[in-house]
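Q: Could we go through a model together, so that I learn how to read its features one at a time?

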Amino acid sequence: MLSKSLPVFYGDLRSHERVPLPFSTFIGYCKQRMQNRDFACANSELESHGLIGRYAEHAEDAPEQIHIAQTPIMNADNEEKVQLETLREDIGTPAFLERKALASINLWMNYAQARSSTHYDPHHNLLCLVAGCKQVVLWPPFATPMLYPLPIYGEASNHSSVALENPDFSTYPRAKYAMEHSQKVVLHASNSIPGGS
């Protein structure tokens, strides 16, 4: 997907554009970026898919805007929707889930530092980190009104109106009290944390 809002994801998938980029191209670009290699080669590969210049105001911005969002590796309800089934054999099922029926496995991936706006996940899930690190800020359910959820009829109704990086307490006064109840957790590669309703 291509997003002009990255590095922040606001839950608004409709504002993102799906782009025809092979998974191998994206992985290759990530590897080159992680190893601080020659980006000219990677940029030319992205340009061959029409992703540089066409979508970004500056060519160097295009890679930071490209990410994989909620791409199905496994989906019990809709097998036709699965795009990365070949990755399923690489994902081990944790022992405590072996007797449970998995509904889906989705992949979110980017190489750059990114964040999601504050939100809750509507389904039980397990966040597993494969590489890098991720800070997660958690709130108890009773803090929901203090986080000003977006309108219920919108696409991102599970997201908060409050920007964590610079909260506007004059517009969202209850958010000040929500911060008192937050807990920060830093996950590293091979760590996981349960989430969802």
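Q: Which residues make up the largest nonpolar core?
A: Bear in mind throughout that this is a predicted model. The largest nonpolar core has 9 residues in all, namely Leu-21, Phe-26, Cys-30, Ile-68, Ile-73, Met-74, Leu-84, Ile-105 and Leu-107.

Q: Which helices and strands each supply at least two residues of this core?
A: At least two residues of the core come from each of α1 (23-34), β2 (68-75) and β3 (104-109), and β2 supplies the largest share, with 3 residues.

Q: What does Ile-105 touch, once residues up to four places away in sequence are not counted?
A: Ile-105, a member of the largest core, touches Thr-71, Pro-72, Ile-73 and Met-74, and also Arg-88 and Ile-91.

Q: How many disulfides does the structure hold?
A: In general, a disulfide is a covalent bond that joins the sulfur atoms of two cysteines. In this structure there are 0 disulfides.

Q: Is Asn-75 buried or exposed, and where is it found?
A: Asn-75 is found in strand β2, and it counts as buried because its relative accessibility is 13%, which is under the 20% cut-off.

Q: Which backbone nitrogens does the side chain of Asn-75 reach?
A: A polar atom of the Asn-75 side chain lies 2.9 Å from the backbone nitrogen of Asp-77, and the side chain of Asn-75 also reaches the backbone nitrogen of Asn-78 at 2.9 Å. Leaving aside neighbours within four places in sequence, Asn-75 is in contact with Lys-81, Val-82, Ala-103 and Ser-104.

Q: Where is Asn-191 found, and what does it touch beyond residues up to four places away in sequence?
A: Asn-191 is found in the loop between β7 (183-188) and β8 (192-195), and with a relative accessible area of 29% it is partly exposed. Its side chain has a polar atom 2.7 Å from the backbone nitrogen of His-188. Not counting residues up to four places away in sequence, Asn-191 touches Leu-127, Cys-128, Leu-129 and Val-186. The C-alpha atoms of Asn-191 and Ala-131 are separated by 9.5 Å, although these residues are 60 residues apart along the chain.

Note on methods
Residues are numbered from 1 along each chain as its sequence is written. This is a predicted model: local features need pLDDT of at least 70, side-chain atom pairs count only at pLDDT 80 or more; totals for chains, interfaces and linings use all residues. Side-chain values use heavy atoms; hydrogens and water are left out. A nonpolar core is a set of buried Ala, Val, Leu, Ile, Met, Phe, Trp, Tyr and Cys residues joined through side-chain atoms within 4.5 Å. Buried means under 20% relative accessible area, exposed over 50%, partly exposed in between (1.4 Å probe, protein chains only). Helices (H or I, at least four residues) and strands (E, at least two) are DSSP runs, numbered from the N terminus. Contact means heavy atoms within 4.5 Å. A disulfide is a pair of cysteine sulfur atoms within 2.5 Å. A polar contact is a pair of N or O atoms within 3.5 Å; within protein, one must be able to donate a hydrogen and the other to accept it, and residues adjacent in sequence count only if both atoms are side-chain atoms.
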